[in-house]
Amino acid sequence: MNIKMATNNDIDFILANDNHVSKNELCSCVSLGRVLVAECDDKLIGCLRWNLFWDNTPFLNMLFLVADYQNKGYGKSLMRFWENLMKENYYKLVMTSTLLSESAQHFYRKLGYIDAGSLLLKNEPLEIIFTKEL
């Protein structure tokens, strides 16, 4: 697997698999270097997108892998790559979140993320906030 910064050429793949971001916002994230893509055999298989919480703490917004590549260690590799990138950029803490109803919470805990709180919006399941010191 090869992991690299996303470019404008990757936007269609990302948008097809990430319905949580508008095209304009995604283009902004790509231009800021806040999107990674994973390739396997010259084929895009996943992406990771982040922003800054409070303008100073990296917050993972989206981790996605094509179904055939899930549960095979690719997500863990993407996360480690991102964490190392954040560490190289002198960040000491990273954050993410997931819905209580999603199994991703177990994935993040296995990677050393700890529960740091939650958010409850009207008519939405509980969102668990995670942090990890680098």
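This is a predicted model: local features need pLDDT of at least 70, side-chain atom pairs count only at pLDDT 80 or more; totals for chains, interfaces and linings use all residues.
Local features were taken at pLDDT of at least 70 and side-chain atom pairs at pLDDT 80 or more, while totals for chains, interfaces and linings use all residues. Residue numbers run from 1 along each chain as its sequence is written, and side-chain values use heavy atoms, with hydrogens and water left out.

Helix 2 spans residues 23-31 (helices are DSSP runs of H or I with at least four residues, strands runs of E with at least two, numbered from the N terminus). Its buried residues are L26, C29 and V30 (buried is under 20% relative accessible area, exposed over 50%, with a 1.4 Å probe and protein chains only). Looking down the axis of helix 2, these residues stay within an arc of 100°, taken from the directions from the axis to the C-beta atoms, so they line one face. They pack against helix 1 (11-17), strand 2 (35-40) and strand 3 (43-53), with contact meaning heavy atoms within 4.5 Å. On the face turned away from the buried side sit the exposed N24 and S31. Just after helix 2, G33 has a positive phi of about 75°.

As for the largest pocket, its volume is about 1,200 Å³, the space filled by probe spheres set on grid points joined across faces, edges and corners. A pocket here is an open set of points on a 1 Å grid over the protein atoms alone, where a 1.4 Å probe fits, with protein on both sides within 12 Å along at least five of seven lines; lining residues have an atom within 4 Å of a point. Of the 36 lining residues, L63, T98, E102, A104 and Y108 are the closest to the centre. Strand 4 gives the largest share of the lining, seven residues.
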